[in-house]
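Here is a friendly briefing on how the side chains pack in the model shown below. Have the sequence and coordinates at hand as you read.

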Amino acid sequence: MTDDVLFLSGPQVTRLLDADTAIASQRAAFTALGSGAADLPAKIMHPSRFDDSVVFAYVSRLSADSGAVAKFGSVNPGNAAAGLPTIHAVVSVLDPVTGRLAAVMDGAAVTTLRTAAASAVAVDALATPDSTDLAVLGSGTQALAHVRAIARVRDLTSVRLWSPTPRNRARAAETLAELGFPAEAAGSAEEAVSGASLVAACTLSTTPVVHGERLTPGCTVVSVGSFEPTRREVDTEVLRRSATVVVDDPATAAEHAGPVVDALRTGLLTDLVGLGDVLTGRAVARTAPGDIVYYNSVGLGIQDAAAAWAVVQAAKGERR
């Protein structure tokens, strides 16, 4: 700590932002967004001209009593082959009154935890109460975080994971054994999704890994990897079969979410529902148990603002 500025590493962020605290922060973020109380400037997503990385920058403010939060970082898909996280970032937090720097923290940890926590909020709001079997596409940091977060809002009875590398999906399934319910590696994406009531796509794929024809009636699909127009984890049939397409923010999704951008352009999709509107009761996503509901998250600065302030408050609590 220097001049009362908090400097927090990834492990420190992870310790301070436990699953339930992270979920509460994201519920607050989307509720503020749905009620119009949040300050959410447009985000920057800039594909590199030199390689396949993407540079991003977010700025947001959750409320009058929490200061502005900025996140700067990059997505590096090649890291996965080396066993490294694909997202790295730094988060800066400003004092709400003076604007002075209040905290600097590891943005990769914030991103991982807030993304999975937001998906848990979405599952809790969109999925049927008896949705307990989860299919996960992906086996990396975000995939594991999603299982842990979703397990906080649904009593999961089984998890099936698939990713292209057999060793990685087997290792991920073994890691999840600690949660106390069966977790197994599936031989294919189709095998993982078949019969699942919950599907979480946590990849950086530019071609669909979730196919609508495989979805079971009543299924809720969450996708967090389709965060720019060139990435599309789900195919057109997923959107076609969905009773409602829910997004983190309609204006942002219309510009950045690959499957949504395509569906809007072709006229397949004309209406988007914001998760915040569902949480505040301004919109209804599911009208029947057999409805398929699709949630596409591209990531918002308001999520970082809420999560970062939860970390700051937890750190201050420890100092008292």
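Predicted model: local features only at pLDDT ≥ 70, side-chain atom pairs only at ≥ 80, totals over all residues.

Residues are numbered from 1 along each chain as its sequence is written, and side-chain values use heavy atoms, with hydrogens and water left out.

**Nonpolar cores**

- The largest nonpolar core has 68 residues, and Val93, Met105, Leu134 and Val159 touch the most other members. A nonpolar core here is a set of buried Ala, Val, Leu, Ile, Met, Phe, Trp, Tyr and Cys residues joined through side-chain atoms within 4.5 Å; buried means under 20% relative accessible area, exposed over 50%, and partly exposed in between (1.4 Å probe, protein chains only).
- Helix 3 (residues 107-126) gives this core its largest share, 11 residues. Helices (H or I, at least four residues) and strands (E, at least two) are DSSP runs, numbered from the N terminus.
- A second, separate core holds 36 residues, among them Ala135, Ala196, Val238 and Val245.
- Leaving aside residues up to four places away in sequence, Val93 touches partners including Ala68, Val69, Met105, Trp309 and Val312; contact means heavy atoms within 4.5 Å.

**Covered helices**

- Helix 4 (residues 141-150) is mostly covered, with 8 of its 10 residues buried; among them are Leu144, His146 and Ile150.
- The cover over the buried residues of helix 4 includes helix 2 (19-35), helix 3, strand 7 (133-137) and helix 5 (166-175).
- In helix 9 (residues 258-266), the buried residues include Gly258, Pro259 and Val261, and their cover includes helix 7 (236-241), strand 12 (242-247) and strand 14 (292-296).
- Gly267 follows helix 9 and has a positive phi, near 90 degrees.

**Surface patch**

- Val55, Phe72 and Val90 make a nonpolar surface patch of about 240 Å². Such patches take residues with over 30% relative accessible area and no salt bridge, nonpolar side chains being joined within 5 Å and like charges within 9 Å.
- Val90 lies in strand 5 (residues 87-94) and counts as partly exposed because its relative accessibility is 34%.

**Aromatic pair**

- Phe56 and Tyr58 form an edge-to-face pair, 5.5 Å centre to centre with 75 degrees between the planes. Rings pair if their centres lie within 6.5 Å; planes under 30 degrees apart count as stacked, over 60 as edge-to-face and the rest as tilted.
- Phe56 is buried, at 3% relative accessible area, and Tyr58 is buried at 7%.

How values were computed: Areas by Shrake-Rupley, 256 points an atom, 1.4 Å probe, with all protein chains shown as cover. Salt bridge = Lys/Arg side-chain N within 4 Å of Asp/Glu carboxyl O. Phe/Tyr/Trp six-rings, centres within 6.5 Å; stacked < 30°, edge-to-face > 60°.
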